[in-house]
Amino acid sequence: MPRLVIAAPSSGSGKTTVATGLMAAFAGRGLAVSPHKVGPDYIDPGYHALATGRAGRNLDAYMCGPELVAPLFAHGARGCDLAVVEGVMGLFDGASGQGELASTAHVAKLLRAPVVLVVDASSQARSVAALVHGFASFDPEVRLAGVILNKVGSDRHEAILREALDESGVPVFGALRRGGEVVTPSRHLGLVPVAERGAEAVAAVAAMAELVRVGCDLDALHAVARGAGPLDCAAWDAAEVLGSLPQPTPSRNRSSAPGPGPQTPPDSVRGDLHGLDGPDRTGGRPRVAVAGGAAFTFSYAEHSELLAAAGADVVSFDPLRDEQLPDGTQALIIGGGFPEVYASELSANEPLRKAVGELARSGAPVVAECAGLLYLARSLDGRPMCGVLDADARMSERLTLGYRDAVAVSDSVLAANGTRVRGHEFHRTVVEPGAGASPAWGITRPGRRVEGFVQGGVHASYLHMHWAAVPQAARRIVAQATEVARATEGVTPS
């Protein structure tokens, strides 16, 4: 698989513009391009997907482990002609205090992929050669194939930069002019996601493609990509992974830590949950609804793939537009996103808030990460939310960001008590209290604390996880959805 890693000396150098532009420019040549992003970022992959027409995939050596990086890459790149991997932060910046772990350089070595360095040259002349020399020589195992110069001021400036780099022996694959940058609006957690920008995002990606097409040598870059070393690994496969796991024991936490209200499904939702009012639309597969739309844009493609491989019928819905859960919903996944931006609209959708509360009280699996946690709270910035949790959420000035090591401290639909995981936190909100009577996780690094809520079939937490590292999570959700459905219908689960 021809492949390139697009890196930079630091954040803000133009990686996203160049990587997304390359993806779109190569796709415009008729190539099937596989888009990837190093690290836990959810937003950039949305732009990658728009550029290529394929799901953006994350490669995170911290959350998934180094051993899964190449298999997950091979899975995402199946059937493609070229893969472009956008790095994270500076080339050698990884998990804090963990050396190279989860850095762009680490992932490039795991993929045996050449690296192209995007350099912000706006305030440099001959010194650019010293900068590039340092990055090229810092780790001999990283193959720095060349550079793309960004924010170049003039023809004269470009000539000086090229002359300096000629002396260093590092090829220049392109020069992008200052002032030609594509505007990609940001807010408190980074770029505004594609799902919120609509036609503006399409236009932005098209502009990135044109900027790169005019300023870069695509033929030379393609040739470098074809020189990547062979990968000796099998592609990750959700069905194969799940097939190797023991059958899960469904969580019994519904009785040990009940949520508010009755634990038996109300009559108003029995039929809707389990298809009793009409034909079975799922062919016997439990239906798992996944929140989407502009308010809940954060998800990894592998999560839905694992749920489907575990036997679920996976359907999406938009809490900003849909007043009811999808027909036959037996489990609910609410991932990350920006509910704080849409708090008024989410609060105004009272029928859906009621339906979510009823589903949660039924004992059905409800898994909420970060934004989902806020949505399940009693209120968000003073506006009523679903009221599943006896907690209130509000915006904060403080950014909480970083990798976390955690252990499950309550048996739940997502993880058995004692399960160790690695995850990521990324938010500017606070939930009070931060943990329920049965917390979801004990954070073991950095610091030590408990957080999140386990009650009934609900698991709600700030911690983002990548289920490729814990595929049993999907298995447990589907198993419990099936158990709840059978119990509601008066059938003793086998």
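Let's start with L149: leaving out residues up to four places away in sequence, it touches V119, V128, L161, L165, V172, G174, A175 and L176. Touching, or contact, here means heavy atoms within 4.5 Å.

A word on what you're looking at. This is a predicted model, where local features need pLDDT of at least 70, side-chain atom pairs count only at pLDDT 80 or more, and totals for chains, interfaces and linings use all residues. Residues are numbered from 1 along each chain as its sequence is written, and side-chain values use heavy atoms, with hydrogens and water left out.

**The cores**

L149 shows up again in the largest nonpolar core, which has 115 residues; L149, W441 and W467 touch the most other members. Helix α1 (residues 15-28) gives this core its largest share, 7 residues. Apart from it there's another core, of 40 residues, including A294, L359, L376 and V431. A nonpolar core is a set of buried Ala, Val, Leu, Ile, Met, Phe, Trp, Tyr and Cys residues joined through side-chain atoms within 4.5 Å. Buried means under 20% relative accessible area, exposed means over 50%, and partly exposed is in between (1.4 Å probe, protein chains only). In soluble globular proteins, nonpolar side chains tend to be buried together.

**A histidine in a helix**

Next up is H75, which sits in helix α3 (residues 66-76). Helices (H or I, at least four residues) and strands (E, at least two) are DSSP runs, numbered from the N terminus. H75 counts as buried because its relative accessibility is 14%. Setting aside neighbours within four places in sequence, H75 is in contact with R57, A235, W236 and E305.

| Cis peptide bond | Omega |
|---|---|
| E432 to P433 | about -5° |
| R445 to P446 | near -5° |

You'll find P433 in the loop between β17 (420-432) and β18 (441-445), while P446 is in the loop between β18 and β19 (449-451).

A102 has a phi of about 70° and lies in the loop between β4 (82-86) and α4 (104-111). R112 has a phi of about 50° and lies in the loop between α4 and β5 (115-120).

Are these two buried or partly exposed? A102 is buried, at 5% relative accessible area, whereas R112 is partly exposed, at 47%.
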